[in-house]
Amino acid sequence: MPTWEPPGDHLIPVQHMRPGDHAFVSYDDDEVRWEVMTAFVRLGLARDEKVVLFPDPWLPEAEVLARLDFTGRSTVTARERGQLVLSSMRGLIRPDLRFTPERQLGRLYSETARAAAEGFTGLRAFIDMRWVPDLNADVRVMMHRETHADALFDGRPYSEICAYDRRWFSREVLHAMDRAHPRSLLERLGTLRSVRGGDGSVHFIGDADTTARRPFSTALELALSGSAGARRLTVDLTRLHLLSVGCATALLTLAGRATGHDRVEVRCDRVQARTLHRLGAGSVPRLAMTEVIRPC
């Protein structure tokens with residue numbers, strides 16, 4: 001029987017981003033674009049990181065701040081102490097007028113060092129790529145930057161989201177940039193995705209909340225059916241941000257009914273393992289749980 005090897009964790013929810021991550025996300029809806037950005041900002045502030053935003057350059061600053069502070073004035077203190085900064089690509093490369101990868105990368109490298117000197121645990125940046133048409137920059141130069149920025153991230157407390165408006169970039173550019181980034185983010189919060197591995201394993205990504213019980217169960221049923229010949233299935237939960245009691249119960253129920261399988265292995269983090277154990281995972285004979293430590 002072949003040894004199971006997990007596929008690359010290219011697609012993740014924004015909540016799983018860590019220092020050193022360089023992520024791609026795309027949108028084509030002016031309302032949707034705020035979801036990932038707002039979550040990214042709030043998580044960074046909670047982790048005592050410095051956060052620099054490079055929003056759509058054609059948006060008024062007042063609108064950006066209103067979106068971040070929706071339902072309250074939650075970022076005022078962070079802005080006052082310099083933890084949250086709104087900037088622009090024009091401001092970052094100043095006094096240069098023309099974008100060059102060297103200038104941008106150098107400034108971001110310096111900003112990361114400055115954040116550490118100011119006492120923050122790291123720096124995270126959200127960059128809306130509509131700065132490219134705003135600066136009339138060469139798309140090929142921008143793409144070169146995206147594929148040659150490893151030194152900015154490797155072993156350093158810096159993370160970055162590059163957000164591409166699908167109405168402004170060609171399909172070819174979007175596809176290339178998605179593949180070029182080590183991480184790709186779910187476009188919307190509260191989304192559940194399932195991905196089948198080449199060995200028949202199934203990987204759940206995003207939020208398996210109460211409303212997702214039916215698609216979660218359907219994806220699991222299909223994976224069990226497709227792996228019946230091998231008589232084993234690996235279910236990977238490690239890229240879930242949320243596992244509801246309902247979805248956890250469905251997993252245990254379906255695993256218990258999988259009489260055509262000798263083994264159903266569940267890869268999960270500590271919180272998910274605790275939930276499954278409390279719901280009776282130990283009483284499912286063919287179920288094997290592997291606890292995975294998630295990087296901080």
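**Reading the model feature by feature**

Tutor: Let us start with one residue and its surroundings. Leaving aside residues up to four places away in sequence, Ser159 touches Met17, Arg18, Pro19, Gly20, Asp21, Phe40, Leu123, Arg124, Ala125 and Phe153. Please keep in mind throughout that this is a predicted model.

Student: Where is the place of Ser159, and is Ser159 buried or exposed?

Tutor: Ser159 belongs to strand β6, which covers residues 158–165. Its relative accessible area is 1%, and a residue under 20% is called buried, so Ser159 is buried.

Student: How far apart are the C-alpha atoms of Gly91 and Phe54?

Tutor: The C-alpha atoms of Gly91 and Phe54 are separated by 9.6 Å, while the two residues are 37 residues apart along the chain. Gly91 lies in helix α4. The relative accessibility of Gly91 is 21%, so this residue counts as partly exposed.

Student: What is the phi of Arg231, and where is Arg231 found?

Tutor: The phi of Arg231 is near 65 degrees, which is again a positive value in a residue other than glycine. Arg231 is found in the loop between α10 (213–226) and β10 (232–243). At 35% relative accessibility, Arg231 counts as partly exposed.

Student: Which residues does a cis peptide bond join?

Tutor: A cis peptide bond joins Arg94 and Pro95, and its omega is about 15 degrees. Pro95 is located in the loop between α4 (89–93) and α5 (101–117).

Student: Let us turn to helices. At what angle do the axes of α1 and α2 cross?

Tutor: The axes of α1 and helix α2 (residues 61–68) come within 10 Å and cross at roughly 70 degrees. Angles of 65 to 115 degrees count as roughly perpendicular, and therefore α1 is roughly perpendicular to α2. The crossing of these two helices, α1 and α2, is right-handed. On the α1 side, the contact is made by Trp34, Met37, Thr38, Val41 and Arg42; on the α2 side, by Glu63, Val64, Arg67 and Leu68. Sorted by class, the contact of α1 with α2 has 5 nonpolar, 1 polar and 3 charged residues.

Student: Are α7 and α9 roughly parallel or roughly perpendicular to each other?

Tutor: The axes of helix α7 (residues 139–147) and helix α9 (residues 171–180) come within 10 Å and cross at roughly 15 degrees. An angle under 35 degrees counts as roughly parallel, so α7 and α9 are roughly parallel to each other. The crossing of α7 and α9 is left-handed. Val139, Met142, Met143, Glu146 and Thr147 of α7 make the contact with Val173, Ala176, Met177 and Ala180 of α9. By class, the contact of α7 with α9 has 7 nonpolar, 1 polar and 1 charged residues.

Student: Finally, how is a pair of aromatic rings described, and how many aromatic pairs does the structure hold?

Tutor: A pair of aromatic rings is described by the distance of the centres and the angle of the planes. The structure holds 6 aromatic pairs. In the case of Phe153 and Tyr158, the ring centres are 5.2 Å apart and the planes are at 40 degrees, so the pair is tilted. Both Phe153 and Tyr158 are buried.

Student: Which residues form one aromatic cluster?

Tutor: Phe24, Tyr164 and Phe169 form one aromatic cluster.

Definitions and conventions
Residues numbered from 1 in each chain as written. Predicted model: local features only at pLDDT ≥ 70, side-chain atom pairs only at ≥ 80, totals over all residues. Heavy atoms only, no water. Helix = DSSP H or I, 4+ residues; strand = E, 2+ residues; numbered from the N terminus. Buried < 20%, exposed > 50% of the residue type's maximum accessible area, 1.4 Å probe, protein only. Axes fitted to C-alpha atoms, helices over the stretch in contact; angles between N-to-C directions. Parallel < 35°, antiparallel > 145°, perpendicular 65-115°, else oblique. Left-handed = near helix turned anticlockwise from the far one by under 90°. Contact = heavy atoms within 4.5 Å. Nonpolar A, V, L, I, M, F, W, Y, C, P; charged D, E, K, R; others polar. Phe/Tyr/Trp six-rings, centres within 6.5 Å; stacked < 30°, edge-to-face > 60°.
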